[in-house]
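Subject: Structure for you to look at

Hello,

Here is the structure I promised to pass on. Please open it beside this note and follow along.

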Amino acid sequence: MAESKEQALDRILTLEIVRVTERAAVAAARLRGHGNEKAADQAAVDAMRRELNQLPIDGTVVIGEGERDEAPMLYIGEEVGTKKGPKVDIALDPLEGTTICAKNLPNSLAVIAMAEAGSLLNAPDVYMDKIAIGPGYPEGLVDLDRTPVENMQAVANAKGVPINEVTACILDRPRHAKLIEDVRATGAAIRLIGDGDVAGVIHTTDPEETGIDIYFGIGGAPEGVLAAAALRCIGGQMQGRLVINSDDQRKRAIKMGVTDPNKKFTMEEMASGDVTFAATGVTDGNMLSGVKFGKERIRTETVVMRSSTGTVRYVKSEHTNFSKFHLD
């Protein structure tokens with residue numbers, strides 16, 4: 001019996017997508033600790049693009065390495081796949097945490113999300129103000145329009161603990177100086193991260209393991225959509241609002257379909273429909289082990305999640321055919 005488009009999408013989203021992030025992670029991992037962010041990122045981009053173009057999909061990159069004039073590959077709007085399959089939206093970051101990889105620090109990932117066409121927010125490559133918590137909380141517990149103190153207190157109340165037992169994850173950036181000051185004034189703890197806010201958001205879903213209860217602050221809009229896609233699969237709450245600082249950015253946002261640049265997007269508005277998310281560890285982290293190079297094999301660890309089923313799979317792979325990674 002011929003495979004339906006729905007069955008083909010199911011197979012691609014649950015199995016073949018893992019190979020895409022594996023290849024990107026291995027390519028980047030060969031350059032971790034070398035101090036060359038651009039080279040590691042380019043290696044991951046090249047590997048991910050090769051794999052995507054072998055998939056039986058008619059895919060469009062809606063979140064990529066940048067916009068057409070700024071990125072040579074995997075730019076927003078680029079078409080990938082063989083064109084002989086279902087139409088899908090793709091959000092990706094071939095190397096989430098380029099600085100992390102270059103310095104061989106924890107939590108660098110190769111990341112991708114895929115969903116039916118029209119399901120993922122086509123956001124411009126600008127900043128986004130974000131707030132996220134994991135599953136198990138009342139709907140609307142936190143909100144971008146509330147103060148950091150109000151959001152921290154709401155999480156503490158919902159957990160039934162004093163606020164000094166709540167930990168926030170925030171990107172370590174000068175723009176967050178006031179935010180960090182306000183959070184610390186409550187007595188709460190902060191986990192500052194230098195890069196990798198997709199992983200930061202995902203870490204809110206398992207606070208017992210990661211120690212992170214809430215994520216907030218300003219980071220990239222593309223990473224915001226990827227994080228929302230992950231939370232759609234695992235569970236949690238997230239809001240995002242584009243940070244528009246110029247008329248040019250406003251025009252770009254409107255051109256990409258964001259009619260209200262000041263809109264507060266919910267998680268479901270950033271990633272709707274049946275979403276599949278996959279991430280492979282490049283460096284060791286709280287969630288995934290990084291790529292391990294052996295004499296005769298390469299080991300990878302990937303998490304792949306799907307929103308329609310709520311399934312979370314951890315895939316530990318051993319690769320002995322190095323030519324698959326274009327390393328021969």
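First, a term for what follows: two strands count as paired if DSSP finds at least two bridges between them. Please also keep in mind that this is a predicted model.

Start with strand S13, residues 298-306. Eight of its nine residues are buried, so the strand is largely enclosed by the rest of the structure.

S13 has these pairings:

- Strand S11 (residues 275-281) pairs with S13 in the antiparallel sense, over five bridges. Here alanine 278 has valine 304 of S13 as its bridge partner.
- Strand S12 (residues 292-293) is also antiparallel to S13, with two bridges. Phenylalanine 293 is bridged to isoleucine 298 in S13. A hairpin of four residues joins S12 to S13.
- Strand S14 (residues 311-319) pairs with S13 over nine bridges, again in the antiparallel sense. Valine 304 has arginine 313 of S14 as its bridge partner. Four residues sit between the strands in this hairpin, and glycine 310 takes a positive phi near 70 degrees there.

Next, backbone angles. Most residues other than glycine have a negative phi. Which way does lysine 83 go, positive or negative? Its phi is positive, near 70 degrees. Lysine 83 is in the loop between strand S2 (79-80) and strand S3 (87-96). Its relative accessibility is 37%, so it counts as partly exposed.

Asparagine 104 also has a positive phi, near 55 degrees. This residue lies in the loop between helix H3 (98-103) and strand S4 (109-116). Asparagine 104 is partly exposed, at 43% relative accessible area.

Now the annotated site. An unreviewed UniProt entry places the feature "binding site" at Asp93, Glu96 and Glu223. These residues are spread over 131 residues of sequence, yet they cluster in space, with a largest C-alpha distance of 8.4 Å. Asp93, Glu96 and Glu223 are also part of the lining of the largest pocket.

Two of these residues deserve a further look. Aspartate 93 is in strand S3. Is it buried or exposed? At 9% relative accessibility, which is under 20%, aspartate 93 counts as buried. Beyond its sequence neighbours up to four places away, aspartate 93 touches Glu65, Leu109, Ala110, Val111, Glu223 and Leu226.

Glutamate 223 lies in helix H8 (residues 221-234). Leaving aside neighbours within four places in sequence, its contacts are Asp93, Glu96, Lys130, Asp197 and Val198.

Best wishes

Note on methods:
Residues numbered from 1 in each chain as written. Predicted model: local features only at pLDDT ≥ 70, side-chain atom pairs only at ≥ 80, totals over all residues. Heavy atoms only, no water. Buried < 20%, exposed > 50% of the residue type's maximum accessible area, 1.4 Å probe, protein only. UniProt positions renumbered as here; feature names shortened; annotations may be inferred. 1 Å grid on protein atoms, 1.4 Å probe; cavity = no way out; pocket = protein on both sides within 12 Å on 5 of 7 lines; lining within 4 Å. Contact = heavy atoms within 4.5 Å.
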